[in-house]
Amino acid sequence: MIITNNTSKTYFKFFVFTLIWISIDGIFRKWIFPEFSNQIFAVKYLFFTFSYIIFLLQNPFIHKIKSSYQFFIPVLAFYCLFQFLYNPISAPLLVRIFGIINYLFFIPLIMIVPVYFSSTDLLEKFIKFLAYFSIPIFTLGIIQYYLPIDHILNIYVNDIQQIAVVGKFTRSNSIFTFVKVYSVYLVFVLTVTTSYIFYLLYQGKRIAFFVTVLSLGILNLIMTASRLPLSLFVFNALLIFATAFFFIKQLRYTIISILFITLLSFIILLNTDNALNEATDALIARSEHSEKLGELGMQGYSAKDRVIDQVNIFIFSEEAGSFGFGIGTTYQGTDFFLSKTHSDIRYEEEGERIVLELGVIGGIIMFLLRLSIFLYAIKIITKIKHINYIFLILPFVLYLFPPVLFLSHITFSYYEAFFYWFTFGLVLAIERSYQAFLYKNKNSA
């Protein structure tokens, strides 16, 4: 197959369209063609598959294993193949296919993204596009919050899922199918935007637009009433502020001023702005209600219980054994096809489900893979000496940390899986761009 510059640009545009589609397909599934929701759900996989095939035709080379994550990815792939054939509870073929997709489908992004986002200019264009793209999404999220539960803008993609509410308000999900999916988008966008603001500050550029985007996004995150995503963003934002304070010495007073103004503005708006005040009160009330249920002995409601359930991935290791019940057997989309032998086990969190499916061996492989990816990202950022590159890569490195502790559902949520592997692909892209920057400076010296 002959690849020209024009066809390469066409494939890049198709890949960008695919990246957009995975975020907007909820529009079609909820409001335009709800009767074809399942079929539209599958379209994203067709688009990504086509993107993978085109990329492999242009880049048919297999790179040597140089890092631990490059070792654990094929280990996971072979183990998933073993699980596909192992099938201890005689799960239908479709269940096992879904399982393979859940664990492996978005991994090729780490090869494609570094090639297609090969420069800081392209990465900046992506961040700016993300900001403009988010404005209508955030605006809709605020509108939804005050609409009745049964309003068409607040419907979900199926009648089985009950509309999520917090107090007298409807939890925002904007164009996305569920609140959890929207929370994933919000944490990613807000973390990237926060770091990019300091990137612009260092260059003496204007930040007003991105501050506006950040403010609207934070309000939306509060309106989702999701405790963990909000906690993750606050954690990321504080680390970004701390990094800026220690690395940009000439802007320390500016950074302190920004932090002070941010806190003061939040306090003032909390007492004067109805939207922020009502959303914050509703979030606090929901959190207090969950904690009270936890105090009454209801497992899984308190923040402590949720964190323990997420971090302790081997809680069902005795039931799962070494190899588990089989790949795909805890996926929410396969319940219809299974009469599970583990139906009496109450599971919800990512790590619990992985070990139930793949067993203790699979749980160890997944942990080592995620740890190796995060450590590789840490190794990259510690080698970077240029401030601009630090603030470009920092949000993506931070995004790779929660999955190590199994605080994210990157196996059983397609959207989190997409962002995880896409994010790591961006880390590798920035590494490549930084190496090219060093090489260029060395030759021009």
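Is Asn220 buried or exposed? Asn220 is buried, at a relative accessible area of 0%; buried stands for under 20% relative accessible area, exposed for over 50% and partly exposed for what lies in between, with a 1.4 Å probe and protein chains only.

## Basis of the model

The model is predicted: local features need pLDDT of at least 70, side-chain atom pairs count only at pLDDT 80 or more, and totals for chains, interfaces and linings use all residues. Residues are numbered from 1 along each chain as its sequence is written, and side-chain values use heavy atoms, with hydrogens and water left out.

## Asn220 and its surroundings

Asn220 belongs to helix α8, residues 208–224. Helices are DSSP runs of H or I with at least four residues, strands are runs of E with at least two, and both are numbered from the N terminus. Not counting residues up to four places away in sequence, Asn220 touches Ile137, Phe138, Gly141, Ile142, Tyr182 and Leu186, where contact means heavy atoms within 4.5 Å. The C-alpha atom of Asn220 is separated by 34 Å from that of Ile315, 95 residues apart along the chain.

Helix α2 covers residues 37–58, and its 22 residues should span 32 Å at 1.5 Å a residue; the C-alpha atoms at its ends are 33 Å apart, which agrees. The expected span is 1.5 Å times one less than the number of residues. Among the buried residues of α2 are Ile40, Phe41, Tyr45, Phe48 and Gln58. Ser37, also in α2, is buried with a relative accessible area of 6% and touches Arg29 and Val157, leaving out residues up to four places away in sequence.

A search of the whole structure finds 2 salt bridges, each defined as a side-chain nitrogen of Lys or Arg within 4 Å of a carboxyl oxygen of Asp or Glu. In one, Asp25 pairs with Lys44, with the closest N and O atoms 2.9 Å apart. This pair links distant parts of the chain, Asp25 being in helix α1 (residues 5–32) and Lys44 in helix α2, 19 residues apart. Asp25 is buried at 2% relative accessible area, and Lys44 is buried at 0%. Arg370 forms a salt bridge with Glu350, the closest N and O atoms being 2.6 Å apart; both residues are buried.

## Nonpolar core

The largest nonpolar core has 138 residues, of which Phe106 and Tyr185 touch the most other members. Helix α7 (residues 179–202) supplies the largest share of this core, 16 residues. A nonpolar core is a set of buried Ala, Val, Leu, Ile, Met, Phe, Trp, Tyr and Cys residues joined through side-chain atoms within 4.5 Å. Leaving aside neighbours within four places in sequence, the contacts of Phe106 include Tyr45, Phe48 and Tyr52, as well as Tyr414, Phe418 and Trp421.

## Positive phi in two loops

Most residues other than glycine have a negative phi. Ser174, not a glycine, has a positive phi of about 50°. Ser174 sits in the loop between β2 (169–170) and α7 and is buried at 0% relative accessible area.

Phe406 likewise is not a glycine and has a positive phi, of about 60°. The loop that holds Phe406 runs between α15 (387–399) and α16 (414–444), and Phe406 is buried at 2% relative accessible area.
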